[in-house]
Amino acid sequence: MKGRPLTPCAGMLLTWIRITGSRSMKDRRRVIQSLLEKIRGRWNVSAVDIGPDGSWTEANLAFSAAASALSMAEERLEAVYSFLTRMEETGEFTIIGRWREVTCYDDISDAENQQTDAKGDIPPPGTEGKE
């Protein structure tokens, strides 16, 4: 790797919500898909509904963000949570709980990477293993 060593940071936010007034999976899906699409589009994070399967009224949502600095990942996930708390005021859902973790990988430049050549450069496609 040339230049400054890479120090990537990654964060995850899990939220548990209860969907009020949901009478079917269709109602649940409408609320969840709307939230996930808005969040993905606005903050460029990965967002997924992780269950529980078959529940009309409960949802566990997971969000992840990668960044080049710890503060950037923390700020992005905090912005997502702030958005959820503002959307909670619409009355469509209630936030039951949350969990967040953000960490950096300072020693990644020392890690062995199967994709790089002996000099630490990424070889052109189709030339892997040819020296």
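Which strands does helix 1 lie across, and at about what angle does helix 1 run to strand 3?

Mentor: The model is predicted, so local features need pLDDT of at least 70 and side-chain atom pairs count only at pLDDT 80 or more, while totals for chains, interfaces and linings use all residues. Residues are numbered from 1 along each chain as its sequence is written, and side-chain values use heavy atoms, with hydrogens and water left out.

Helix 1 lies across strand 1, strand 2, strand 3 and strand 4, and runs at about 10° to strand 3. Helices (H or I, at least four residues) and strands (E, at least two) are DSSP runs numbered from the N terminus. Contact means heavy atoms within 4.5 Å; axes are lines fitted to C-alpha atoms, for helices over the stretch in contact, with angles from 0 to 180 degrees between N-to-C directions. Helix 2 also packs on the sheet, where it touches strand 1, strand 3 and strand 4, and its direction makes about 180° with that of strand 4.

The sheet itself is open, with 4 strands in the order 2-3-1-4 and antiparallel pairing. Strand 2 (46-49) and strand 4 are the edge strands; each has a single partner strand, so one side of each has no neighbour in the sheet. From one strand to the next the twist averages 15°.

The pairings can be followed across the sheet, two strands counting as paired if DSSP finds at least two bridges between them. Strand 2 pairs with strand 3 in the antiparallel sense over 4 bridges, and Val48 stands opposite Ala62 in strand 3. Strand 3 and strand 1 run antiparallel and are joined by 10 bridges; here Trp16 stands opposite Asn60 in strand 3. Strand 1 in turn pairs with strand 4, again antiparallel, over 11 bridges, with Ala10 opposite Thr103 in strand 4.

Strand 3 is largely enclosed by the rest of the structure, because 7 of its 10 residues are buried. Buried means under 20% relative accessible area, exposed over 50%, and partly exposed in between (1.4 Å probe, protein chains only).

Next, the packing of side chains. The largest nonpolar core has 26 residues, and those with the most contacts inside it are Ile17, Leu35 and Phe63. Such a core is a set of buried Ala, Val, Leu, Ile, Met, Phe, Trp, Tyr and Cys residues joined through side-chain atoms within 4.5 Å. Strand 1, helix 1, strand 3, helix 2 and strand 4 each supply at least two residues of this core, and helix 2 gives the most, with 7 residues. Leaving aside residues up to four places away in sequence, Leu35 touches Ile17, Leu61, Phe83, Leu84, Met87 and Phe93.

The structure also holds 1 disulfide, a pair of cysteine sulfur atoms within 2.5 Å. Cys9 and Cys104 form it, with sulfur atoms 1.9 Å apart. The pair links distant parts of the chain, Cys9 in strand 1 and Cys104 in strand 4, 95 residues apart. The torsion about the S-S bond of Cys9 and Cys104 is about 85°, so the disulfide is right-handed. Cys9 is buried at 2% relative accessible area, whereas Cys104 is partly exposed at 25%.

Finally, there are 5 salt bridges in the structure, each a side-chain nitrogen of Lys or Arg within 4 Å of a carboxyl oxygen of Asp or Glu. One of them joins Glu58 and Arg18, whose closest N and O atoms are 3.8 Å apart. Glu58 belongs to strand 3 (residues 58-67) and Arg18 to strand 1 (residues 9-19), so this pair ties together parts 40 residues apart in sequence. Glu58 is partly exposed at 31% relative accessibility, and Arg18 is partly exposed at 40%. Another salt bridge joins Arg98 and Glu78, with the closest N and O atoms 3.6 Å apart. Arg98 lies in strand 4 and Glu78 in helix 2, so the pair ties together parts 20 residues apart in sequence. Salt bridges that share partners join Glu78, Arg98 and Arg100 into one network.
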